[in-house]
Each structure stands twice: as structure tokens, then as C-alpha cells.
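Visitor: Please walk me through this one. I'll ask as we go.

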Amino acid sequence: MTMKICVLPGDGIGPEITAEAVRVLKAVDTGFETEEALLGGCAVDATGSPYPEATRALARDADAVLLGAVGGPRWDSKPREQRPETGLLAIRKDLSLFANLRPAILYPELADSSTLKPEVVAGLDILIVRELTGDIYFGQPRGIETREIDGKRQRFGFNTMHYSEAEIVRIGRVAFEAARKRRGRLCSVDKMNVLETTQLWRDVMTELAREYPDVELSHMLVDNAAMQLVRAPKQFDVVVTGNMFGDILSDEASMLTGSIGMLPSASLDERGKGLYEPSHGSAPDIAGQGVANPLATILSAAMLLRYSFSMAENAERIENAVRKVLAQGFRTADIYSSGTKKLGTRAMGDAVLAALDS
Ligand code: IPM
Ligand code: MG
């Protein structure tokens with residue numbers, strides 16, 4: 001049976017970086033069928049919707065989805081239902097991709113690219129498990145309304161944070177299982193000193209821990225976690241948290257590694273079907289110039305092989321090839337430092353392809 005990958009290049013640098021990842025995927029296995037569709041701003045321009053029906057049909061039918069990035073200033077002033085980000089949230093929800101895995105690994109060659117001291121980040125290997133289909137991102141009611149408050153008619157903005165026990169258990173299990181396969185430590189991040197939703201989060205994680213006696217569970221308040229991530233990031237193995245805190249902490253963690261241009265991500269449903277995308281955005285400032293770093297997308301393709309296609313060996317081949325090009329001194333502009341060789345997007349793809357077979 002031929003595996004089908006739905007490719008969503010998206011906006012900005014998305015098309016350039018996904019092209020390289022597709023080349024790498026096809027080089028490790030010729031048995032994939034890829035089909036492209038529109039998501040984000042390009043979809044708004046073509047159809048008026050950031051997640052058109054044709055894309056939905058293709059994504060639902062595929063065995064896995066590879067995404068570039070969506071968004072750009074051109075669409076920022078559009079009504080919310082026509083914003084690229086709305087398309088991204090819609091596909092996550094539509095495909096029930098509740099488990100977002102964001103690894104932050106520091107490649108030794110890039111220790112100098114981090115803004116933190118090399119000794120603070122050397123050997124860093126964190127996995128952030130972010131819940132992706134709940135929380136204040138999707139909670140109702142939400143909106144901006146005009147209301148009478150304190151005798152004055154004024155605008156009023158509101159969102160709703162909520163989690164059900166089942167939603168917490170399901171993401172908790174993903175995190176405990178991941179910790180079990182790694183160094184056996186899980187830190188659950190919440191704000192239980194203020195928010196009831198996250199008190200429930202902490203209670204449920206604590207109860208769940210009884211089923212995983214081999215995993216050491218700890219809890220941390222999100223403000224402290226933000227601080228600890230820059231103070232002593234190597235204390236973390238797996239971090240599990242809700243949608244909103246995970247969004248913020250994963251950006252923070254990415255910069256520990258030198259460049260957000262290196263970080264892949266996987267968003268999985270209950271059966272392991274997934275959407276794979278770099279953790280970074282669409283970088284409209286450098287779009288079309290052929291200078292973007294394709295490595296995060298290439299590493300996302302490796303995650304695709306590992307999690308959706310159970311091809312761990314091929315995933316490792318790609319990850320080793322990325323390590324090799326870094327060791328060879330090849331860099332894109334975002335991770336360039338003097339003494340290394342600066343490559344464009346396509347040339348970096350070529351270097352990875354060459355390293356696959358060497
Ligand atoms: C991310 C992004 C998205 C999010 C935006 C683009 C909607 O920041 O994937 O982290 O907030 O989830
Ligand atoms: Mg984010």
C-alpha cells in the first residue's frame with residue numbers, strides 16, 4: 001500500500017523549505033505519494049478560506065500531513081475567519097491533533113549560536129508536550145463586545161480557559177509514555193495558584209502518575225518554568241503543559257538551541273496520524289530569497305517517518321544526515337558564524353541529500 005503524504009507548503013518561506021523536505025523524504029523511500037494543497041494566506045487568496053474544503057478532504061484522506069508555515073503581514077488586517085492562523089487552528093482541531101511534540105535539542109556544533117552561555121545549554125535535550133486542541137485557544141464563549149461597565153459603554157474582550165479531565169488524561173498519557181522512553185522525568189507546568197482549570201490539570205497529572213511508577217513527576221508554576229528554562233534548562237527532560245503555556249514555553253525553549261530554524265514538531269491524534277511542521281513561522285521578510293533554513297522542516301519529515309509510518313531507521317538516517325552537514329560546517333544564514341560555510345535553502349537540501357548516502 002502506498003503511503004500518502006498531504007503537503008501544505010503554506011506562505012512565506014513555506015514553499016521553499018517544504019520542497020527540500022519532500023526531496024529528502026523521496027530520497028529515503030520512493031514509496032510515498034505526495035499531494036499538495038493550500039493552507040493559510042495562499043488559501044485565503046485563492047478561495048477566501050484559510051482551510052478550504054479541498055484541503056480538508058486531502059488532509060483527512062492522507063496518512064500524514066507535512067506543513068511549511070502560514071501567515072504574513074498581508075493577511076493580518078483580515079477578519080479573523082480569513083486569517084492564516086485560523087486555518088492552522090482549524091486543521092489541528094479538525095484532525096483532532098491534540099498532542100504537540102516539540103523537541104528542543106542543542107546540536108553541539110551550534111552551542112555558540114545560542115544567546116545563553118555554552119555551558120548552560122551544552123547537551124540540552126528537552127521535549128515539550130503541548131496540548132493542542134483545548135484550553136483558552138478554543139474555549140467558548142469568546143469575543144469582543146460592547147457592554148455597559150461601570151456606567152460606561154465600552155468594548156469588552158473575553159476568552160474562556162477550560163480543560164476536561166479526559167483531555168488532561170489523554171495528553172498526560174502521551175507525556176508519561178514519552179518520558180518513559182527518555183530519561184524518565186516529567187515536569188507538568190500549570191498556574192494552579194491562580195487558575196482552577198490548571199488546579200484540575202495538576203490533580204489529574206498527580207493521579208495519572210500512579211500508573212507510571214517508573215516516571216518521576218514534578219510540578220512547576222508557569223512563571224517559574226519560564227525562568228528555570230533560561231536559568232538551568234538541563235534540569236528538564238519532558239515538559240507537559242496546556243495549549244497556551246506550551247505555545248509560549250516552546251518558543252522560549254527553541255531559542256536555547258541557537259535558532260528556531262532548527263526545531264521540528266509533530267502534532268498527533270489518538271491513532272498516531274500526524275501533522276508535521278517546523279516550529280518557526282513563515283518569515284515573510286526573507287521569503288522567496290532562497291536563504292531560509294530548511295533543517296527544521298527536514299527534521300519534521302524525520303518525525304513523520306518515526307511517528308506516523310513507524311520508520312525509525314529512516315528517521316534516524318535523516319537526523320544523522322542533518323548532524324553530518326552541521327559537522328561539515330554547513331550553515332544557513334540564521335545559524336551562520338565566521339569560519340563556517342554559508343549555504344542557501346536549496347544547497348542545504350543538497351548537502352543533506354549527499355550526507356544521507358555517505
Ligand atoms: C505555534 C504558533 C500558532 C499557535 C499560531 C500561528 C496560531 O504560534 O504553532 O506555536 O499559537 O499555536
Ligand atoms: Mg507559537
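Guide: Helix α4 (residues 84–94) gives the largest share of the shell around ligand 1, three residues. Helices (H or I, at least four residues) and strands (E, at least two) are DSSP runs, numbered from the N terminus. This is a predicted model: local features need pLDDT of at least 70, side-chain atom pairs count only at pLDDT 80 or more, and totals for chains, interfaces and linings use all residues. Residues are numbered from 1 along each chain as its sequence is written, chains are lettered from A and ligands numbered from 1 in the order in which they are written, and side-chain values use heavy atoms, with hydrogens and water left out.

Visitor: OK. Which residues surround ligand 1?

Guide: Glu85, Leu88, Arg92, Arg102, Arg130, Tyr137 and Asp247. A residue counts as near if one of its heavy atoms lies within 4 Å of the molecule or strand in question.

Visitor: Arg92 first. How far is its polar side-chain atom from an oxygen atom of ligand 1?

Guide: The distance is 2.6 Å. Arg102 has a side-chain N or O atom 2.8 Å from a ligand 1 oxygen. For Tyr137, a polar side-chain atom sits 2.5 Å from an oxygen of ligand 1. A polar contact is a pair of N or O atoms within 3.5 Å; within protein, one must be able to donate a hydrogen and the other to accept it, and residues adjacent in sequence count only if both atoms are side-chain atoms.

Visitor: And what percentage of the accessible area of ligand 1 does the protein cover?

Guide: The protein covers 75% of the 320 Å² that ligand 1 has on its own. Areas come from the Shrake-Rupley method with a 1.4 Å probe; for residues, only the protein chains shown count as cover.

Visitor: Back to α4. Which of its residues are buried?

Guide: Pro84, Gly87, Leu88, Ile91 and Arg92. These residues cover an arc of only 135° around the axis, so they are on the same side of α4. The arc is that of the directions from the helix axis to the C-beta atoms. Buried means under 20% relative accessible area, exposed over 50%, and partly exposed in between (1.4 Å probe, protein chains only).

Visitor: What comes just after α4?

Guide: Ser96, with a positive phi of about 55°. Most residues other than glycine have a negative phi.

Visitor: Where else is phi positive without a glycine?

Guide: At Asp150, about 50°. Asp150 is in the loop between β6 and β7 (152–158). At 80% relative accessibility, Asp150 is exposed. Ser310 has a positive phi of about 50° too. Ser310 lies in the loop between α10 and α11, and is exposed at 66% relative accessible area.

Visitor: Which α11 residues are buried?

Guide: Asn314, Ala315, Ile318, Glu319, Ala321, Val322, Val325 and Leu326. Their arc is only 150° around the axis, so they are on the same side of α11. Glu313 and Ala327, on the other side, are exposed.

Visitor: What do the buried ones pack against?

Guide: α1 (14–28), α10 (295–307), β13 (330–331) and α12 (345–357). Contact here means heavy atoms within 4.5 Å.

Visitor: Last one. Which peptide bond is cis?

Guide: The bond from Gln140 to Pro141 is cis, with omega near 0°. Most peptide bonds are trans. Pro141 is in the loop between β5 (125–131) and β6 (143–149).
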